[in-house]
Amino acid sequence: NKGKSSIVATLSEDDSVRIAPRPGTTTEVREYPVRVDGRPLFVLVDTPGFEDATRALAWLRAREGSAAERPALVAELVRAHEGTDDFREERKLLAPILAGASVLYVVDGTKPFRPNYEAEMEILRWTGRPGMALVNRIGEGDHAAEWRRALDQYFKLVRDFDAFSATFEERLHLLETFRALRPEWRAAVDEATAALLSQRTRRRAEAAAELADLLADVLTHVEETSVK
């Protein structure tokens, strides 16, 4: 319940993303393509959160060899527990990462950092995939500084992003940050950014035209009544 589905909905402009105030709303992996003229440029994958990261990390560490073997060991964790109830949520969220996705780790900066989150971040680091963290805000508290001190140790990029009040410029800036995460994404991100800017210009023009029509209706409105 950190707001990752809200972030996916905001970036993809997809109202079908399931969002609720209670934890555990996202129970399955779902993909949300970001399209321009019907052509997908990249895909946002919404996954369940960790359920038993501490035990999963213990499983990995009990079999640990060299750092170079860690991504394969994470894949083995997923394979070894297929068809069982063990690490069900972990297997769901790790599958797209192992298939090549990068990591977007979302935390709620209004809640205190707790050591158990370190197990989640360590498992994600073991995958060997590029990752960035977003400090979201769902409430009144402010523990962002302590979160950043922890996140900086695990992620190449750490950014603040409020999914519920993000401006257009903030959405654009977050997309541009993806360029630094994966160089091969740059062309797709640049095209998506250009499309968003063009879309915004078109929407403003359409809104201005609607307002002009309404204003013209008001200024030329005439009512007739009969007096006896």
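The model is predicted. Side chains of opposite charge can pair when their charged atoms come close.

**Salt-bridge pairs**

- The side chains of E64 and R70 form a salt bridge, with an N to O distance of 2.6 Å. E64 is partly exposed at 34% relative accessible area, and R70 is likewise partly exposed, at 23%.
- D108 pairs with K111 in a salt bridge whose closest N and O atoms lie 3.9 Å apart. D108 is buried, with a relative accessible area of 3%, whereas K111 is partly exposed at 46%.
- R137 and D142 are joined by a salt bridge, the closest N and O atoms being 3.4 Å apart. R137 is partly exposed, with 28% relative accessible area, while D142 counts as exposed at 56%.

**Salt-bridge network**

- E28, E89 and K92 belong to one network, joined by salt bridges that share partners.

**Setting of Y117**

- Y117 lies in helix α5, which spans residues 117–126.
- Y117 has 7% relative accessibility and therefore counts as buried.
- From C-alpha to C-alpha, Y117 and F87 are 16 Å apart in space, and 30 residues separate Y117 and F87 in sequence.

Note on methods. Residues are numbered from 1 along each chain as its sequence is written. This is a predicted model: local features need pLDDT of at least 70, side-chain atom pairs count only at pLDDT 80 or more; totals for chains, interfaces and linings use all residues. Side-chain values use heavy atoms; hydrogens and water are left out. Helices (H or I, at least four residues) and strands (E, at least two) are DSSP runs, numbered from the N terminus. Buried means under 20% relative accessible area, exposed over 50%, partly exposed in between (1.4 Å probe, protein chains only). A salt bridge is a side-chain nitrogen of Lys or Arg within 4 Å of a carboxyl oxygen of Asp or Glu.
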